[in-house]
Amino acid sequence: MKRPCTVALAATLVTLCALLTGCSDAGKAVDFNAGAKSDGTTRTEPVDGDTRMPTGPRSDFRITRTLDDGTHIARTTLKGAKSGVTGSVWVWAPKEYQEAKYAKSGFPVLIALPGGLGSPKEPGGVTNYWVGGDIELQENLTKWTAEGKSLPFIVVMPMLNPDTRYHDGSDIPGQQKMGTWLTEDVVNLTKANFRTFASRDGWAFMGSSSGGFAGLKSVLKHPDKFKAAIASGPDLAPDSPLWAGHRAEKDANDPGKLAGGLLRKGGPDVYLAFQAGTRESPAVTTAIQKFRTAYGKGPIHTALQLIPGGRHNAWDYQKGMAAGSMKFISDQLKGPVASGS
């Protein structure tokens, strides 16, 4: 069941967004590949065979927030070629991305999904709360990277729902194709604009509540594309009312059924970091424990980070990430490779 507190969280960011417009950089265009051409006229030889240089075309990213270290969060409007969905996507690249020694290397990508509706019809149009300066996900990732707890991830923050209904991050018949949006269009946008990795070793999801469900389900449904996920207080079954009359399609997006299929196939290996606060409903932890008992074997590697005093919100979930979840997935993914020139 989706929880109203995650919707309220998005609403609390409205004031923040208004304040951001006063930032001197807000609204300016930014090129995350530092001006490198993406039209094929200039080529840089990648440091290894897994690095994928930006394919283009370059998107129109506009700064929404600048961190103290000079890195930027920026937004673009993506018209999904595969899904037909149009919506906002925010991105951030860590300071390491601009370092000369990594100029020929790919970087791992973390697709961060919000809980709640994440709807463009919410007050202020806030559609992904991980962009917010009060949550400070990017500042925390910078700190965790310095502490050796995290890889220097490119963070991609797409909208989760195109309207005020839950789409379960899925292609529900007769509705907008949000599963294709998340796992194909958003991925292709990232590949077009950033140095990434061709293999799944450079791709992961992170999300809370309904976003945790969507990320978890995406990894289990597409283990050839994504290797890991952090699922915080997640729903563990598709529960959008839009599934009515579409049982087969609903089952094809059920994490338990997908996990069962992956076990029967024997792989590929995936790494799932579950999180829950001790002050959440006991039903959340119970559901996670049942899932781990049933499916946490063979190619499905799981961990559970219990957050002392934690509630169902993004701030507390980051405490769990710092305590172990970010390192759990980072240890399984590929980091940037330094080159000599």
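How close do the axes of helix α5 and helix α7 come, and at what angle do they cross? Select residues 210–221 for α5 and residues 255–265 for α7: the axes come within 9 Å and cross at roughly 25°. Axes here are lines fitted to C-alpha atoms over the stretch in contact, with angles from 0 to 180 degrees between N-to-C directions. That makes α5 roughly parallel to α7 (angles under 35 degrees count as such).

The model is predicted, and local features need pLDDT of at least 70, side-chain atom pairs pLDDT 80 or more, while totals for chains, interfaces and linings use all residues. Residues are numbered from 1 along each chain as its sequence is written, and side-chain values use heavy atoms, without hydrogens and water.

Next, show the side chains between α5 and α7. Phe 213, Leu 216, Lys 217, Leu 220 and Lys 221 of α5 meet Pro 255, Leu 258, Ala 259 and Leu 262 of α7 (contact means heavy atoms within 4.5 Å). By class, seven of these residues are nonpolar, none polar and two charged.

Leu 220 leads on to the largest nonpolar core, which has 48 residues; Leu 220, Trp 181 and Leu 272 have the most contacts inside it. Such a core is a set of buried (under 20% relative accessible area, 1.4 Å probe, protein chains only) Ala, Val, Leu, Ile, Met, Phe, Trp, Tyr and Cys residues joined through side-chain atoms within 4.5 Å. Select residues 178–193 to see helix α4, which gives the most to this core, with six residues. Then select Leu 272: among the residues it touches are Leu 216, Leu 220, Phe 291 and Phe 328.

Definitions and conventions: Buried < 20%, exposed > 50% of the residue type's maximum accessible area, 1.4 Å probe, protein only. Helix = DSSP H or I, 4+ residues; strand = E, 2+ residues; numbered from the N terminus. Parallel < 35°, antiparallel > 145°, perpendicular 65-115°, else oblique. Nonpolar A, V, L, I, M, F, W, Y, C, P; charged D, E, K, R; others polar. Lists of a residue's contacts leave out its neighbours within four places in sequence.
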